[in-house]
Amino acid sequence: MTIQHHPADEVLLAQAAGHLSAAASLLVRTHVDMCAHCRERLCTLDMVGGVLLEGMAPAMLQPDALARTLAVLDGPDRHARPRPGPVRGGSSRPAGWPEGAFWPGALDACKVSPWHWLGPGVRWSRVTVPGDADANVLLLRIGAGKRLPQHTHSDVEWTQVLHGAFHDGRALFGPGDFDGADTQVHHQPVVEAGGECICLAGIEGRVLFDGAMARWVGALVGM
């Protein structure tokens, strides 16, 4: 497996700093699980962050700093980043997962719905991320030669290819490849003829489909 498309350095840096959304963080963790290069890069960024912290001058705390910290720890944290849970042997994967297709260990901490029909040759599964009910994450399973409607994005659509390959007019994306398509990208992913494609998708904002019917279907799915 030769991975051609990786998260940008600023995305890996944001992951190391804990600044990514729950959806983006899940996608990056899945990519790092598949990509030795980015796993090493992220490890390096983590170490650099630790060195920078050690080199910072001590700062005086406010007198009530301890009391405020304990109050935060004791109360509900609505902005907490979800932590990966224990691996459950792939028990959360939807039925009919293809033999040999990569299953992200990060998804074992998530609730994954059964496959739902979206259109001819296209199915989807809702991924519920622990600790962030608003994270918009899907598994998309698209048949050989099928295509998604043309669209752009109100923010960013993160995509991690788990199985198969697609081309969207910009590049070919195969197993392990990562993509972040923003408002400047207008594309139509088309699955290669050799077999189906399964992607993990994290959506910030909305996917803006060109056609009225596609917009209606996308709204039903939550895209």
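A helix here is a DSSP run of H or I with at least four residues, and helices are numbered from the N terminus. With that in hand, keep in mind that you are looking at a predicted model. The points below cover a helix, some aromatic rings and a cavity.

**Helix α1 and what follows**

- Helix α1 spans residues 9-17, and its buried residues include Val11, Leu12, Ala14 and Gln15.
- Those four sit on the same side of α1, because the arc they cover around the axis is only 160°.

**Aromatic pairs**

- The count of aromatic pairs comes to 4.
- One of them joins Trp97 and Trp103 in an edge-to-face arrangement, with 4.9 Å centre to centre and 85° between the planes.
- Why edge-to-face? Planes over 60 degrees apart get that label, and the planes of Trp97 and Trp103 are at 85°.
- Trp97 has a relative accessible area of 11%, so it counts as buried.
- Trp103 comes out at 9% relative accessible area, so it is buried too.
- Another pair is Trp158 with Phe178, and this one is tilted: the centres are 5.9 Å apart and the planes make an angle of 40°.
- That pair ties together distant parts of the chain, with Trp158 in strand β6 (residues 156-163) and Phe178 in strand β9 (residues 178-181), 20 residues apart.
- Trp158 and Phe178 are both buried.
- Ring pairs also gather Trp97, Trp103 and Trp115 into a cluster.

**The cavity**

- How many cavities of 30 Å³ or more does the structure hold? There is 1.
- The largest cavity has a volume of about 160 Å³.
- Its lining is made up of 15 residues, and the closest to the centre are Leu148, Thr159, Phe166, Pro189 and Cys199.
- Which elements give two or more residues to that lining? They are β4 (132-142), β6, β9, β10 (190-191) and β11 (197-204).
- So what kind of residues are these? By type, the lining of the largest cavity divides into 10 nonpolar, 3 polar and 2 charged.

Methods: Residues numbered from 1 in each chain as written. Predicted model: local features only at pLDDT ≥ 70, side-chain atom pairs only at ≥ 80, totals over all residues. Heavy atoms only, no water. Phe/Tyr/Trp six-rings, centres within 6.5 Å; stacked < 30°, edge-to-face > 60°. Buried < 20%, exposed > 50% of the residue type's maximum accessible area, 1.4 Å probe, protein only. 1 Å grid on protein atoms, 1.4 Å probe; cavity = no way out; pocket = protein on both sides within 12 Å on 5 of 7 lines; lining within 4 Å. Points joined across faces, edges and corners; volume = space filled by probe spheres on them. Nonpolar A, V, L, I, M, F, W, Y, C, P; charged D, E, K, R; others polar. Arc of directions from axis to C-beta.
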